[in-house]
Amino acid sequence: MKINALVRDWENNAKARLTHKEYHLRLQLEDAARIAALAEMYPLRSQEDIISELLSAALDELETSFPYVAGTKVVAQDEMGDPLYEDIGPTPRFVELSQKFMAALKQENKAANS
């Protein structure tokens, strides 16, 4: 999700699946003030919800900002018939590791709900 789509979601009160694992962090004063301001502007959202959703949106944007690095293997052709090369940049590794940790977290959630 893009950061600019968060406000629409906050107004519609969307919720996501959550892990049982909790993360504790300290914020810079300016960031804490901005989170408090958003929580006051969107009272259906807790500060924790806002932090979680901003982090999710930032990670989505980070993933799309990774540079494409063309490998030597052709994986497809574009509409003009030109070859498209596999991405050997950080994106495939990030996706692979994300899937690995998602599977582990799902197992943890499943065990916690049993």
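**Notes on a predicted model: hairpin, helix pair and salt bridges**

1. Let me start with the turn. Gly 81 adopts a positive phi near 85° in the hairpin formed by strand 1 and strand 2, where five residues sit between the strands. Please keep in mind as you read on that this is a predicted model.

2. The strands themselves are worth a look next. Strand 1 covers residues 70-77 and strand 2 covers residues 83-87; the two pair in the antiparallel sense over four bridges.

3. Now to the helices. Two packed helices are described by the angle between their axes and the distance between the axes. For helix 2 (residues 29-41) and helix 3 (residues 47-65), the axes come within 9 Å and cross at roughly 110°. Helix 2 is therefore roughly perpendicular to helix 3. The crossing of helix 2 past helix 3 is right-handed.

4. Which residues meet where helix 2 and helix 3 are in contact? From helix 2 come Ile 35, Ala 36, Leu 38 and Ala 39, and these meet Gln 47, Ile 50, Ile 51 and Leu 54 in helix 3. Sorted by class, this contact of helix 2 with helix 3 holds seven nonpolar residues, one polar residue and no charged ones.

5. Finally, the charged pairs. Side chains of opposite charge can pair when their charged atoms come close. Across the whole structure, a search finds four salt bridges. One of them joins the side chains of Glu 30 and Arg 34, at 3.7 Å from N to O. Both Glu 30 and Arg 34 belong to helix 2, where they are four residues apart, about one turn of the helix.

Key. Residues are numbered from 1 along each chain as its sequence is written. This is a predicted model: local features need pLDDT of at least 70, side-chain atom pairs count only at pLDDT 80 or more; totals for chains, interfaces and linings use all residues. Side-chain values use heavy atoms; hydrogens and water are left out. Axes are lines fitted to C-alpha atoms, for helices over the stretch in contact, and angles run from 0 to 180 degrees between N-to-C directions. Angles under 35 degrees count as roughly parallel, over 145 as roughly antiparallel, 65 to 115 as roughly perpendicular and the rest as oblique. A crossing is left-handed if the near helix is turned anticlockwise from the far one by less than a right angle, and right-handed if clockwise. Contact means heavy atoms within 4.5 Å. Ala, Val, Leu, Ile, Met, Phe, Trp, Tyr, Cys and Pro count as nonpolar, Asp, Glu, Lys and Arg as charged, and the others, Gly among them, as polar. Two strands pair if DSSP finds at least two bridges between them.
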